[in-house]
Amino acid sequence: MRRHRRVLSLAVAALVTIALTVGVTPASSAASNWWEPSNRPSPDSGIGATGAPFTGTVNGEVRGFVDGHNHILANEGFGGRLICGKAFSPAGVADALKDCPEHYPDGAGATFENLTADPDGHHDPVGWPTFKEWPTHQSLTHQQNYYAWIERAWRGGLRVMVNDLVTNGVLCALPIMPKDRGCDEMDAIRLEAAKSWEMQAYIDGVYGGPGKGFFRIVTSPEQARQVVKDGKLAIILGVETSEPFGCKMIMDVAQCTEGQIDAGINELYSLGVRSMFLCHKFDNGLCGVRFDSGTIGQVLQAGQFSCCATTWNTEVCPGPQMDNPIIPQDPAKRCNTRGLTRLGEHALRRMMERHMMVEIDHMSVKAAARTLDILEAEKYPGVLSTHSWMDTGWSERVYKLGGFITGYDNASESFVAEWRRNKALRDRYNVGYGFGSDMNGVGGWPGPRTGAPNPVVYPYRSFDGATTMDRLRTGDRVWDVNVDGAAHYGLIPDWIEDVRMVGGQAVIDDMARGAESYLRTWAATAAHGLGTNLAAGKPATASSVEWNPFVNFSPGQAVDGNRGTRWSSSWNDGQWWYVDLGSEQTVGRVTIDWEPAYASEYRLEQWSEASQTWRTVWSTTAGRGGIETARFEPVTTRWVRFYGVKRATRYCFSFWELGVYAS
């Protein structure tokens with residue numbers, strides 16, 4: 001088994017290496033009808049779109065919609081039988097779009113589907129060609145990402161999509177879940193990565209050969225921008241899973257090491273992954289999660305106990321940001337006590353070193369706050385919120401860093417309301433808008449606006465005016481967003497048109513800038529250089545050291561690069577700590593990672609050789625703990641001193657690490 005995993009990983013990595021070396025084959029826009037496939041299998045789904053896809057740029061910006069959160073290959077996760085049907089099949093559409101064996105003959109055996117979406121416990125399992133009862137906007141277990149449906153979304157203006165490789169070992173292991181493979185999450189991620197590249201090759205074959213298909217997996221922002229300029233669809237690989245690198249937690253003990261995390265991140269990067277969640281649905285060894293509420297929350301809390309011998313613990317939220325409530329616990333206590341762990345911080349910093357983007361939607365308030373603190377200390381732009389789990393009070397922190405936010409593809413009225421609520425902030429930071437479809441993500445999707453006075457009128461034009469979109473036919477079924485809602489990915493363009501009917505052209509104009517804004521975030525992340533800590537390993541001195549016969553709290557512990565060790569002073573105000581940089585350096589930034597015993601009032605000083613005194617370069621009377629970053633006009637000095645004027649607690653001044661940087 002280990003050898004099989006290694007071979008699969010190496011095979012996918014080889015494909016990515018080829019992509020990185022050769023680059024993306026550009027579209028031949030000079031070729032006649034290059035957007036029409038020459039080898040489409042017969043029979044197959046229709047597209048319902050006519051006209052040439054738009055190419056190029058406008059005022060230097062690419063155009064098009066961005067889906068920041070989709071799960072094309074989820075049928076390969078969760079033990080292989082949660083999502084029924086495939087995104088593609090060399091055997092054709094009838095093989096791809098068929099139900100799971102246990103759903104026959106009448107759906108009674110579809111336990112998970114019946115618990116979540118089918119109140120009478122039955123459905124017609126026949127997919128192609130009749131599709132009498134699936135997929136629907138309510139069904140959580142039937143394929144929604146067939147390749148031809150994605151093709152229609154591309155023809156309707158989609159230009160960037162994040163394909164999050166997804167699975168959940170706890171859900172897979174439930175007795176009610178049929179499965180045809182194991183539940184190891186990393187095995188599923190490797191398989192979905194391999195299948196993503198296979199899907200690209202399959203679509204290339206449909207379009208006549210390597211590089212000719214519309215579906216282009218990209219591993220750099222430069223590749224992505226070229227793909228969009230060529231009028232094709234840039235696919236970015238992400239990861240959304242509960243136990244990345246095997247980092248589950250049992251009885252509050254992480255089941256992974258820093259070495260496993262390093263190896264895991266390197267492997268994911270080699271597979272083409274450029275964004276990921278550190279936690280999802282269950283607390284793990286990296287971070288606490290933002291709860292799901294209601295019945296789903298109760299089920300997940302039971303799963304938390306079954307997998308990890310722990311339960312969700314809550315506390316009163318320290319600020320306006322809140323986790324989702326979980327009944328029947330005290331509604332005033334709705335924040336997860338678990339935040340970003342030391343291993344989680346290690347994983348985040350390794351991601352930053354690889355220029356990967358971090359998703360924060362499923363993090364607890366504590367974990368997200370700490371993550372943003374770390375990113376802000378480095379001015380790291382690679383932060384994403386891709387399906388409406390972002391606290392509005394933190395949206396500006398994300399935009400200020402250069403990050404990107406999308407809304408879940410909720411019903412049109414809700415989506416437009418969210419777009420309006422945050423429009424002024426987006427305009428201030430000059431960013432477009434996107435959506436997270438979460439198709440195949442066991443979430444639920446927009447239903448029809450039955451009886452609406454302003455329904456979608458077929459045929460309609462794509463936002464750029466070049467493509468005519470009519471009702472989509474797949475087999476015997478004709479789909480209509482006014483009747484079916486967003487039942488599958490082929491109806492995404494129709495849902496966007498429905499959003500236009502509700503919100504007007506302004507919302508579509510913002511969404512049409514989504515691809516450009518996402519690629520700007522990615523490009524800034526790829527170009528970002530982490531600062532060098534000038535204080536690392538240098539000699540440090542302090543006015544006092546807290547006495548402890550078992551733990552070393554000496555000054556050097558704050559510059560040893562180990563965030564598990566710290567300096568602590570005596571329990572008095574007016575304590576100081578300084579570091580000798582070894583030679584004169586230009587200094588413009590100091591970062592302090594506080595232990596809970598932080599300073600409410602302190603200053604940072606440089607030693608002046610000319611006056612033989614300590615001179616203040618920065619000060620505050622409103623210290624808040626956590627990670628604090630002081631930026632000031634650069635000075636040239638050899639010695640940098642922290643001076644603690646007033647403690648925030650009755651204990652000492654104490655920090656895990658103090659970093660000194662050029663800027």
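Reader: Is the link of Cys84 and Cys100 left-handed or right-handed about the S-S bond?
Author: This is a predicted model in which local features need pLDDT of at least 70 and side-chain atom pairs count only at pLDDT 80 or more, while totals for chains, interfaces and linings use all residues. Residues are numbered from 1 along each chain as its sequence is written, and side-chain values use heavy atoms, with hydrogens and water left out. Cys84 and Cys100 form a disulfide (a pair of cysteine sulfur atoms within 2.5 Å), with their sulfur atoms 2.0 Å apart. The angle about the S-S bond is -110 degrees, and the link of Cys84 and Cys100 is left-handed.

Reader: How many residues apart in sequence are the parts that Cys84 and Cys100 tie together?
Author: The disulfide of Cys84 and Cys100 joins two loops, since Cys84 lies between β2 and α2 (93–96) and Cys100 between α2 and α3; helices (H or I, at least four residues) and strands (E, at least two) are DSSP runs, numbered from the N terminus. Cys84 is buried, with a relative accessible area of 0%, and Cys100 is also buried, with 5%, where buried means under 20%, exposed over 50% and partly exposed in between (1.4 Å probe, protein chains only).

Reader: Which element holds Cys172, the disulfide partner of Cys183?
Author: A disulfide with an S to S distance of 2.0 Å joins Cys172 to Cys183, and its torsion of about -75 degrees makes it left-handed. The pair ties together parts that are 11 residues apart in sequence, because Cys183 lies in the loop between α5 and α6 (185–206) and Cys172 in helix α5.

Reader: Is the disulfide of Cys247 and Cys256 left-handed or right-handed?
Author: Cys247 and Cys256 are joined with an S to S distance of 2.1 Å; Cys247 is buried at 0% relative accessibility, and Cys256 is buried at 8%. The torsion about their S-S bond is about 105 degrees, so the disulfide is right-handed.

Reader: What relative accessible area does Ile508 have?
Author: Ile508 is found in helix α16 (residues 505–512), where Val507, Ile508, Asp510, Met511 and Ala512 are buried. The cover over the buried residues of α16 includes β2 (65–70), α13 (412–429), β14 (434–436), α15 (492–503) and α17 (514–527). Leaving aside neighbours within four places in sequence, Ile508 is in contact (heavy atoms within 4.5 Å) with Phe65, Phe463, Ile496, Val499 and Arg500. Ile508 counts as buried because its relative accessible area is 3%.

Reader: Which residue in β16 does Tyr460 stand opposite?
Author: An open sheet of three strands has the order β1-β16-β15 with antiparallel pairing, and two strands pair if DSSP finds at least two bridges between them. The edge strands β1 (49–50) and β15 (460–461) each pair on one side only. Over two bridges, β15 pairs with strand β16 (residues 468–469) in the antiparallel sense, and the residue opposite Tyr460 is Met469.

Reader: How many bridges join β21 to strand β24?
Author: Strand β21 (residues 575–594) runs antiparallel to strand β19 (residues 540–542), to which three bridges join it, and six bridges join β21 to strand β25 (residues 654–661), also antiparallel. With strand β24 (residues 627–647), where Thr637 stands opposite Gln585, β21 again runs antiparallel, and the number of bridges is 14.
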